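Thanks for coming. I have one structure to go through today, so please look at the model on the screen.

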Amino acid sequence: MLMVLTVVLIPVMVVLVVLSLLVTPVVLFEGLSGWKALRRSAHLVRRNWLKVVVLVALTNALVLAVGPVLGTTLILGTSLPFSVSNAIAGIVYALFIPLVALNTVYVYADVIVRDELEPRAEKVPQLPAEA
């Protein structure tokens, strides 16, 4: 039963994670918190979800991979002591991690601009031909 529940809820979890990708910038720049921030993030992501997911996921994947790949390369390819290789990999990782935040803010700004420039569908009381 637990396995079935887990498999069924994985798509729900993926959707919730995708819709909440811009929660941090929404909280920081719009001053919203809690459920309002989640709703706003979902509203912003919903229209451009593929772009948001690709940009944020690629940046996270690249940044998260740089440190371990460099550390493994230094350990296996050089004669540096393990602690030095580990320290270098950690420092490089710490230098690259702000790129995730910068890219998330960039994606947020792009989505906000697109949201503001997109023409709103206003309710027309009468069709022009009916007038």
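I start with Arg-114, which is partly exposed, with a relative accessible area of 42%. Keep in mind that this is a predicted model. The side chain of Arg-114 meets that of Asp-110 in a salt bridge, at 3.1 Å from N to O. These two residues are 4 apart in helix H6, so about one helical turn separates them.

Asp-110 also forms a salt bridge with Lys-51, at 2.6 Å from N to O. Here the partners come from distant parts of the chain: Asp-110 is in helix H6 and Lys-51 in helix H4, 59 residues apart. Is Asp-110 buried or exposed? Its relative accessibility is 16%, so Asp-110 counts as buried. Lys-51, at 29%, counts as partly exposed.

Next is Asp-115, whose salt bridge goes to Arg-47, with the closest N and O atoms 2.4 Å apart. Arg-47 sits in helix H3, 68 residues away from Asp-115 in H6. Asp-115 is buried at 8% relative accessibility. Both residues belong to a salt-bridge network that also links Glu-30 and Arg-40.

Glu-30 takes us to helix H2, where Pro-25, Val-26, Phe-29 and Glu-30 meet Thr-104, Val-105, Tyr-108 and Ile-112 in H6. Of the residues in this contact, 6 are nonpolar, 1 is polar and 1 is charged. The axes of H2 and H6 come within 9 Å and cross at roughly 70°, which means that H2 is roughly perpendicular to H6.

Last, the count of aromatic pairs is 1. Phe-29 and Tyr-108 are stacked, 5.6 Å centre to centre, with 20° between the planes. Phe-29 is exposed at 51% relative accessible area, whereas Tyr-108 is buried at 8%.

Key:
Residues numbered from 1 in each chain as written. Predicted model: local features only at pLDDT ≥ 70, side-chain atom pairs only at ≥ 80, totals over all residues. Heavy atoms only, no water. Axes fitted to C-alpha atoms, helices over the stretch in contact; angles between N-to-C directions. Parallel < 35°, antiparallel > 145°, perpendicular 65-115°, else oblique. Contact = heavy atoms within 4.5 Å. Nonpolar A, V, L, I, M, F, W, Y, C, P; charged D, E, K, R; others polar. Phe/Tyr/Trp six-rings, centres within 6.5 Å; stacked < 30°, edge-to-face > 60°. Buried < 20%, exposed > 50% of the residue type's maximum accessible area, 1.4 Å probe, protein only. Salt bridge = Lys/Arg side-chain N within 4 Å of Asp/Glu carboxyl O.
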